[in-house]
Amino acid sequence: MGACGIFGSSLKVIRAFKGRSQGHVGGKSITYGGSNLTCGNERWGYRHILKRHLSEWQSRAAVAQENWRDTGDYGIHWALRDPDKIRYRASDDTFCYSRKILLIDNRTKEAVGSYYPKVSVARVSHRVITAYPSGAQC
């Protein structure tokens, strides 16, 4: 993931994720070609993830002895690229994407746990609103 400077634009793209989901979810038609993670602010985007979900990502990453950014990037990528579940939330006009991810210890190459990244994407702009590891699907 790229960096967001203190005074950088909230719309600066730091990671473009490709997707491939199509169909109907919650009565809404979706054709999803990808989504951008932008710097955002305290309510959405990378800055939001950093402020509200850093410790959650760090906890998951520690299990696999990885950097939290690598764990987060991998989880977000696969939740968007090949979701197990997609749910539409009318309350904020977003889609939640999730899938099961195995945590692999970098030293032993053994599975040491799993989690479900939940990635919220705005229906209209396709921007990542938030992403965090969870114990359950969307």
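**Entry 1: His48**

I looked up the contacts of His48, counting heavy atoms within 4.5 Å as a contact. Leaving aside neighbours within four places in sequence, His48 touches Asn41, Glu42, Arg43, His53, Ile129 and Thr130. I then checked where His48 sits, and I found His48 in helix α1. Helices here are DSSP runs of H or I with at least four residues, strands are E runs of at least two, and both are numbered from the N terminus.

Is His48 buried or exposed? I used relative accessible area: buried is under 20%, exposed is over 50%, and partly exposed is in between, with a 1.4 Å probe and protein chains only. His48 has 7%, so I wrote down buried.

I also noted a polar contact, which is a pair of N or O atoms within 3.5 Å. Within protein, one atom must be able to donate a hydrogen and the other to accept it, and residues adjacent in sequence count only if both atoms are side-chain atoms. The side chain of His48 reaches the backbone oxygen of Glu42 at 3.0 Å.

**Entry 2: what kind of model this is**

I am reading a predicted model, in which local features need pLDDT of at least 70, side-chain atom pairs count only at pLDDT 80 or more, and totals for chains, interfaces and linings use all residues. Residues are numbered from 1 along each chain as its sequence is written, and side-chain values use heavy atoms, with hydrogens and water left out.

I checked the pLDDT, the predictor's confidence in each residue on a scale from 0 to 100. The protein chain has a mean of 89, and 89% of its residues reach 70 or more. Where is confidence lowest? It is lowest in strand β2 (residues 22-25), with a mean of 59. Strand β9 has the highest, at 97.

**Entry 3: the whole chain**

I listed two helices and nine strands in the protein chain. Along the sequence I read the pattern β-β-β-β-α-α-β-β-β-β-β. Of the 138 residues, 40% are buried. I also looked at contacts with a separation of 6 or more: residues 24 or more positions apart account for 52% of them.

For the surface I used accessible areas from the Shrake-Rupley method with a 1.4 Å probe; for residues, only the protein chains shown count as cover. The protein chain exposes about 7,400 Å², and carbon and sulfur atoms supply 48% of that.

**Entry 4: strand β6**

I turned to β6, residues 94-98, and found five of its five residues buried. Thr94, Cys96 and Ser98 lie on one side, with Phe95 and Tyr97 on the other, and both faces are covered.

Which strands pair with β6? Two strands pair if DSSP finds at least two bridges between them. Strand β5 (residues 85-89) runs antiparallel to β6, joined by five bridges. I picked out Tyr88, whose bridge partner in β6 is Phe95. β5 and β6 form a hairpin with four residues between them. In that turn, Asp93 has a positive phi of about 55 degrees.

Strand β8 (residues 111-122) is also antiparallel to β6, and again five bridges join them. Here I saw Thr94 opposite Ala122 of β8.

**Entry 5: the disulfides**

I searched for disulfides, meaning pairs of cysteine sulfur atoms within 2.5 Å. How many disulfides are there? I counted two. In sequence order, the bonded cysteines pair 1-2, 3-4.

Cys4 is joined to Cys39, with an S to S distance of 2.1 Å. The torsion about the S-S bond is about -100 degrees, so this disulfide is left-handed. Cys4 lies before β1 (13-18) and Cys39 lies in the loop between β4 (34-38) and α1 (45-64), so the pair ties together parts 35 residues apart in sequence. I noted Cys4 as partly exposed at 21%, and Cys39 as buried at 0%.

Cys96 and Cys138 form a disulfide too, with sulfur atoms 1.9 Å apart. Cys96 is in β6 and Cys138 is in the segment after β9 (128-134), so this pair ties together parts 42 residues apart in sequence. The link is left-handed, with -70 degrees about the S-S bond. Both cysteines, Cys96 and Cys138, are buried.

**Entry 6: Leu103**

I found Leu103 in strand β7 (residues 101-104). Leu103 is buried, at 4% relative accessibility. Leu103 and Val63 are 40 residues apart in sequence, and their C-alpha atoms are 7.3 Å apart in space. Beyond neighbours within four places, the contacts of Leu103 include Arg60, Val63, Thr71 and Tyr115.
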